[in-house]
2 protein chains.
Amino acid sequence: MPDQASMASTAYMVNGFDPGTIDDLEPEMRQHVARRLQVLGPAYKLFYRHPVRFVRAEGVYLYDAAGNAYLDAYNNVPSVGHCHPHVVEAITRQAATLNVHTRYGTDLLLEYAERLTATFPAEISNVMFTCTGSEAVDLALRVARFATRASGVIVTSNAYHGVTTAAAEISPSLGPEAPLGSQVRTVAPPDPRQDREQAGQAFAARISHAATDMKRHGTGLAAFIADSLFSTDGIIPEPAGFLRPVIDAVHAAGGIFIADEVQPGFARTGESMWGFQRHGIIPDLVVMGKPMGNGMPIAGMAARAELLAEFGQKIRYFNTFGGNSISVAAASAVLDVIEDEKLAENSRAIGTALRDAIAEAAAGCPGIRDIRGAGLYVGVEFADPQTGEPDGKAALNIVNELRERRVLISATGAHGNILKIRPPLPFSYRHVDQFADALRGSLASLATRK
Amino acid sequence: MPDQASMASTAYMVNGFDPGTIDDLEPEMRQHVARRLQVLGPAYKLFYRHPVRFVRAEGVYLYDAAGNAYLDAYNNVPSVGHCHPHVVEAITRQAATLNVHTRYGTDLLLEYAERLTATFPAEISNVMFTCTGSEAVDLALRVARFATRASGVIVTSNAYHGVTTAAAEISPSLGPEAPLGSQVRTVAPPDPRQDREQAGQAFAARISHAATDMKRHGTGLAAFIADSLFSTDGIIPEPAGFLRPVIDAVHAAGGIFIADEVQPGFARTGESMWGFQRHGIIPDLVVMGKPMGNGMPIAGMAARAELLAEFGQKIRYFNTFGGNSISVAAASAVLDVIEDEKLAENSRAIGTALRDAIAEAAAGCPGIRDIRGAGLYVGVEFADPQTGEPDGKAALNIVNELRERRVLISATGAHGNILKIRPPLPFSYRHVDQFADALRGSLASLATRK
């Protein structure tokens with residue numbers, strides 16, 4: 001069950017700027033923030049105690065108006081690097097040539113769809129395009145509910161799957177004011193400290209139990225959905241393989257297994273193109289998004305063809321901008337770069353180096369309980385050395401110390417106590433060194449302050 | 001109440017290609033369609049009996065691989081013209097410079113937000129960005145339901161508002177297999193043959209009645225949502241002003257009035273930037289999309305600030321690609337072009353010329369019951385001359401005859417009997433002549449066939 005107290009603390013976003021502190025900002029930023037509040041309203045949040053403001057970006061660096069470079073160790077959307085020339089060229093060429101929707105034929109769309117589905121197991125042979133991961137999740141829910149004629153959905157305690165009405169209803173991490181759907185059940189995420197067999201069996205048992213309880217309340221199970229990195233639950237990539245008994249439990253309860261690949265997809269984990277492949281499973285539906293077009297809005301849902309057959313016959317689905325030519329050109333260029341620059345291999349090698357460097361920097365720091373990750377998706381868990389309690393404050397302080405050193409990360413988990421380190425994939429050993437230096441400085445500064 | 005029989009006939013989309021006729025296509029197109037069915041699955045529909053396939057576009061023309069030019073009298077997404085150089089330049093420049101989300105500050109985002117809200121009445125001073133009109137509608141529903149603590153929504157009989165779960169539930173035009181939400185009521189659209197007073201009062205009475213009925217069933221009214229052109233209900237722009245009693249009726253029932261400006265917005269109607277302005281009302285929430293970025297995915301919701309205040313405090317809303325720098329740069333360039341090329345004025349003048357030219361071409365054609373529109377959004381209604389029954393087949397034949405003459409339009413309405421003519425805004429008198437010639441030929445061909 002979700003921890004209500006911790007969820008309440010995340011109703012305001014982890015690492016969100018508090019507009020109540022606007023008077024502490026320097027004049028120029030204060031004015032910028034005031035203008036934002038005026039026109040964008042309170043639903044828009046900035047990152048950091050001292051928000052950042054950028055004018056250009058390149059590779060793994062963002063630059064402010066004064067020309068200061070910020071090392072980007074956070075953004076997985078510009079996954080092949082900010083303003084990658086090959087992607088920029090594809091966008092530029094396509095924008096000047098043709099941009100149409102999917103009700104007219106284009107070779108571009110077909111070729112990309114074929115190329116994308118070729119990265120999946122043969123069972124997953126259909127793809128549909130949306131603009132955002134939220135839309136892809138929402139579509140997957142529609143398909144799962146249509147196919148099963150059931151409405152129940154199981155998610156993890158602090159899951160996040162998007163912001164449409166239906167996606168927000170399965171996203172407990174949005175906090176207690178964003179209500180979960182009455183057909184939604186939450187289960188605790190896998191325990192990263194158990195072995196694969198234990199973690200998998202225990203997680204599968206929780207899902208079976210939730211499905212049974214749901215049925216007793218008259219609701220059938222439509223789907224279980226999870227991101228195989230369990231990002232918002234605190235980054236739980238290991239022990240890989242723990243999803244194997246889970247998919248069986250979901251199928252046994254009549255549900256559909258939806259792999260949310262918005263976070264792990266597109267070679268992020270360094271071991272495979274898709275996160276579910278690390279677990280040795282083949283999902284029924286796959287949703288993808290963020291890194292797909294390196295920042296151009298494109299997302300999608302891949303599916304077993306048999307799951308889409310009746311839905312496609314009976315339900316009209318047209319997403320005006322979904323699969324538009326410019327976004328598809330960008331997405332195709334992203335696949336080129338992942339291959340050409342061997343970014344999966346880089347993610348694995350540099351991810352390992354990054355975790356090692358963090359471990360070295362953190363040596364002798366009793367507040368760090370765990371360092372874990374897969375490829376360039378790394379979590380660093382903070383806990384109080386005396387009580388063992390999650391220490392979200394320490395993590396947040398590090399996030400802000402790093403920001404003062406012009407290194408960008410954020411934090412995650414139900415208690416916000418896990419550093420979320422997720423740089424663009426062309427991160428290098430040099431960037432790891434820069435990151436580790438900044439982390440050492442931040443940890444030292446925090447220790448002094450205590 | 002929706003006409004179930006007619007809705008069943010639109011479960012398959014008006015003007016959708018029927019894959020059952022694939023063997024009638026020429027070999028190259030047959031192969032293209034077969035590849036699409038293989039990888040995109042059956043949910044993807046092409047337009048026309050003989051689908052079209054394009055390789056480039058410019059202004060109001062699309063070109064196939066053989067170099068044939070098709071006059072675009074349909075697409076409102078490339079609203080300032082396909083591949084407009086000013087928009088292409090903005091995309092190109094921004095893609096090479098910076099593309100970030102809204103949790104970092106950029107002047108670009110603020111300046112565009114301020115410029116956009118300046119086009120609204122002063123009461124509507126906040127804006128939030130999404131990627132698609134569906135997401136904007138979905139967000140508006142979340143805000144309306146949060147603000148009213150009610151869930152009921154009223155829409156017109158053949159409304160279309162999007163494809164997310166929540167948007168599809170208020171979109172009867174998706175057909176009977178896409179279920180309406182249990183808290184959704186439909187009302188007949190305004191009657192274009194009544195005068196403003198009659199049409200408005202009768203429409204308002206239907207809404208009040210639906211709200212009362214809803215309350216008797218225990219559901220409060222959250223919102224009434226309508227596109228002021230009533231596009232999918234058959235294009236009902238006149239008599240402008242009929243929405244005045246409607247907004248009062250919605251407020252009296254405790255609901256929020258959501259103006260869906262995805263179709264009429266951005267100067268389409270030739271009379272004002274926004275469709276609701278033609279009616280002399282100020283909505284509570286406004287959703288916008290399609291033409292906003294001339295094909296770059298960007299959409300949004302504008303709001304009375306007081307409606308967003310509590311929602312923004314309590315609910316975190318972050319749309320990764322919503323308001324991304326490239327889409328915002330494109331959207332800003334679109335506003336430039338609308339101003340610089342006086343596209344509202346052009347839409348009004350050319351829209352009038354187009355309706356006149358259609359009337360002239362249609363003279364002596366008993367199957368055409370009405371020609372109506374606002375600016376470059378024109379509907380031509382077909383009815384059986386003997387029975388007066390809506391004649392969707394005649395409209396569809398014209399759509400396909402025009403396509404054979406390389407002129408692109410489609411059809412709309414619950415019976416698919418209304419031609420939907422909605423070209424990019426830089427349409428000129430020359431294009432009107434070309435359109436009218438093709439229409440004359442198509443009508444003659446249809447008359448011969450009968």
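This is a predicted model: local features need pLDDT of at least 70, side-chain atom pairs count only at pLDDT 80 or more; totals for chains, interfaces and linings use all residues.
1. The interface. How many residues of chain A are in contact with chain B? There are 83 residues of chain A in contact, and they meet 83 residues of chain B.

2. Helix 3 and helix 11 of chain A. The axes of helix 3 (residues 85–97) and helix 11 (residues 325–340) of chain A come within 8 Å and cross at roughly 155 degrees. Because angles over 145 degrees count as roughly antiparallel, helix 3 of chain A and helix 11 of chain A are described as roughly antiparallel to each other. Their crossing is right-handed. On the side of helix 3 of chain A the contact is made by His86(A), Val87(A), Ala90(A), Ile91(A), Gln94(A) and Ala95(A), while the residues of helix 11 of chain A that take part include Ser325(A), Ile326(A), Ala329(A), Ala330(A) and Asp336(A). The residues of this contact between helix 3 and helix 11 of chain A divide into ten nonpolar, four polar and one charged.

3. Helix 13 and helix 14 of chain A. Helix 13 (residues 392–404) and helix 14 (residues 429–449) of chain A have axes that come within 9 Å and cross at roughly 125 degrees. That angle makes helix 13 of chain A oblique to helix 14 of chain A. The crossing of helix 13 and helix 14 of chain A is right-handed. Where the two helices meet, helix 13 of chain A brings Ala394(A), Asn397(A), Ile398(A), Glu401(A) and Leu402(A), and helix 14 of chain A brings Ala438(A), Leu439(A), Ser442(A), Leu443(A), Ser445(A) and Leu446(A). By class, the contact of helix 13 with helix 14 of chain A has seven nonpolar, three polar and one charged residues.

4. Phe435(A). Helix 14 of chain A also holds Phe435(A). Is Phe435(A) buried or exposed? Since 20 or more other C-beta atoms within 10 Å make a residue buried, and Phe435(A) has 25 of them, Phe435(A) is buried. Apart from neighbours within four places in sequence, Phe435(A) is in contact with Leu71(A), Ala73(A), Leu354(A), Ala357(A) and Val407(A). Val407(A) is 28 residues from Phe435(A) along the chain, yet their C-alpha atoms are separated by 7.0 Å.

5. Leu116(B). In chain B, Leu116(B) is found in helix 4, which covers residues 107–117. Leu116(B) is buried, with 21 other C-beta atoms within 10 Å. The C-alpha atoms of Leu116(B) and Val127(B), eleven residues apart along the chain, are separated by 8.3 Å.

6. Cis peptide bonds. In chain A, a cis peptide bond joins Glu238(A) and Pro239(A), with omega about -5 degrees. Pro239(A) is in the loop between strand 7 (221–226) and helix 8 (244–252) of chain A. In chain B, a cis peptide bond joins Glu238(B) and Pro239(B), where omega is about 0 degrees, and Pro239(B) lies in the loop between strand 7 and helix 8 of chain B.

7. Positive phi values. The loop between strand 7 and helix 8 of chain B also contains Ile235(B), a residue other than glycine whose phi is positive, near 65 degrees. Ile235(B) counts as buried, with 27 C-beta neighbours inside 10 Å. In chain A, Lys342(A) likewise has a positive phi, near 45 degrees, without being a glycine. Lys342(A) is found in the loop between helix 11 and helix 12 (343–362) of chain A, and with 14 C-beta neighbours inside 10 Å it counts as partly exposed.

Key
Residues are numbered from 1 along each chain as its sequence is written. Chains are lettered from A and ligands numbered from 1 in the order in which they are written. Axes are lines fitted to C-alpha atoms, for helices over the stretch in contact, and angles run from 0 to 180 degrees between N-to-C directions. Helices (H or I, at least four residues) and strands (E, at least two) are DSSP runs, numbered from the N terminus. Angles under 35 degrees count as roughly parallel, over 145 as roughly antiparallel, 65 to 115 as roughly perpendicular and the rest as oblique. A crossing is left-handed if the near helix is turned anticlockwise from the far one by less than a right angle, and right-handed if clockwise. Two residues are in contact if their C-beta atoms, placed from the backbone, lie within 7 Å. Ala, Val, Leu, Ile, Met, Phe, Trp, Tyr, Cys and Pro count as nonpolar, Asp, Glu, Lys and Arg as charged, and the others, Gly among them, as polar. A residue is buried if 20 or more other C-beta atoms lie within 10 Å of its own, exposed if 12 or fewer, and partly exposed in between; C-beta atoms are placed from the backbone.
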